Amino acid sequence: RWQKGVPKSWPEAGAHLRSRTGHDFPVLARLRHARPIQAATSMLALQLDPATTVVGLPAKVLAGVVFAEVVGPTPVRDDVAALAAHHGIDADTVEAVRRFAVDPQLPPPGDDPAVRAALILARGASPSPARTGAEVVDACQAGGLAPAAIVELVCWLSVLQMLHRLSSFYAADA
């Protein structure tokens, strides 16, 4: 049921995502089988659905910026930059989040405690292995992140990890 109406081929999947999320996620163009295209398209559309997010799409996108910086040069960085632009997140904010992502001495930017906690969680959960010790848990509690928001963010980071792995696989194939 979740996949009803979701395209199974490219470029239809890209158009579907662009209309729902503001970005087409071009790595999906490299997939050749209907099931993976439809599954990835469904995941991305659901993850970026404004009607179902608990944490909010701007916080989610900024968590994606953190992920992209932590994993290093990757097309996912372009994906989250496109999402940031689509959601009206200014370049200064994106740059501040990028600096925060790679400098453990910097506090998270912004004034919203929940967004700040989301950024701390993203910085801790993005590397492999994750670094989500007591300080990350404390930040999530202090920022008022509900358990559903934490689960949502970790799922989002997992989807970004999938995109990162696909991008790495197809870059090695080129």
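The place of Phe 25 is the loop between helix 1 and helix 2 (34-47), where helices (H or I, at least four residues) are DSSP runs numbered from the N terminus. Phi of Phe 25 is near 50 degrees, which is a positive value in a residue other than glycine. With a relative accessibility of 0%, Phe 25 counts as buried; buried denotes under 20% relative accessible area, exposed over 50%, and partly exposed the range in between, for a 1.4 Å probe and protein chains only. The model is predicted, so that local features need pLDDT of at least 70 and side-chain atom pairs count only at pLDDT 80 or more, while totals for chains, interfaces and linings use all residues. Residues are numbered from 1 along each chain as its sequence is written, and side-chain values use heavy atoms, with hydrogens and water left out.

Helix 1 (residues 12-21) contains His 16. The relative accessible area of His 16 is 10%, and this residue is therefore buried. Apart from its neighbours within four places in sequence, His 16 is in contact with Gly 5, Val 6, Pro 7, Thr 41 and Ala 45, contact being defined as heavy atoms within 4.5 Å.

The segment before helix 1 holds Ser 9 and also Pro 11. Ser 9 has a relative accessible area of 33% and is partly exposed. Between Ser 9 and Val 76 there are 67 residues of separation in sequence and 21 Å in space, C-alpha to C-alpha. The peptide bond that joins Trp 10 and Pro 11 is cis, with omega at about 10 degrees. A cis peptide bond also runs from Ser 128 to Pro 129, with omega near 0 degrees. Pro 129 is found in the loop between helix 6 and helix 7.

Axes are lines fitted to C-alpha atoms, for helices over the stretch in contact, and angles run from 0 to 180 degrees between N-to-C directions.

Helix 6 (residues 113-125) packs against helix 7 (residues 134-142) at an angle of about 160 degrees, and their axes are 8 Å apart. That angle makes helix 6 roughly antiparallel to helix 7; angles under 35 degrees count as roughly parallel, over 145 as roughly antiparallel, 65 to 115 as roughly perpendicular, and the rest as oblique. Helix 6 and helix 7 cross in a left-handed manner; a crossing is left-handed if the near helix is turned anticlockwise from the far one by less than a right angle, and right-handed if clockwise. On the helix 6 side, Ala 117, Ile 120, Leu 121 and Gly 124 meet Val 136, Ala 139 and Cys 140 of helix 7. This contact of helix 6 with helix 7 comprises 6 nonpolar, 1 polar and no charged residues. In this classification, Ala, Val, Leu, Ile, Met, Phe, Trp, Tyr, Cys and Pro count as nonpolar, Asp, Glu, Lys and Arg as charged, and the others, Gly among them, as polar.

Helix 5 (residues 91-102) packs against helix 6 at an angle of about 45 degrees, with 10 Å between their axes. The two helices, helix 5 and helix 6, are therefore oblique to each other, and their crossing is right-handed. Val 97, Phe 100 and Ala 101 of helix 5 make the contact with Leu 119, Ile 120 and Arg 123 of helix 6. By class, the residues of the contact of helix 5 with helix 6 are 5 nonpolar, no polar and 1 charged.

The axes of helix 3 (residues 57-71) and helix 6 cross at roughly 30 degrees and come within 9 Å. The crossing of helix 3 with helix 6 is right-handed. In helix 3, Ala 59, Leu 62, Ala 63 and Val 66 meet Val 115, Leu 119, Ala 122 and Arg 123 in helix 6. The contact of helix 3 with helix 6 includes 7 nonpolar, no polar and 1 charged residues.

The ring centres of Phe 169 and Tyr 170 are 5.0 Å apart and the planes lie at 80 degrees, so the pair is edge-to-face. Phe 169 counts as exposed at 53% relative accessibility, whereas Tyr 170 is buried, with a relative accessible area of 13%.

Notes:
Phe/Tyr/Trp six-rings, centres within 6.5 Å; stacked < 30°, edge-to-face > 60°.
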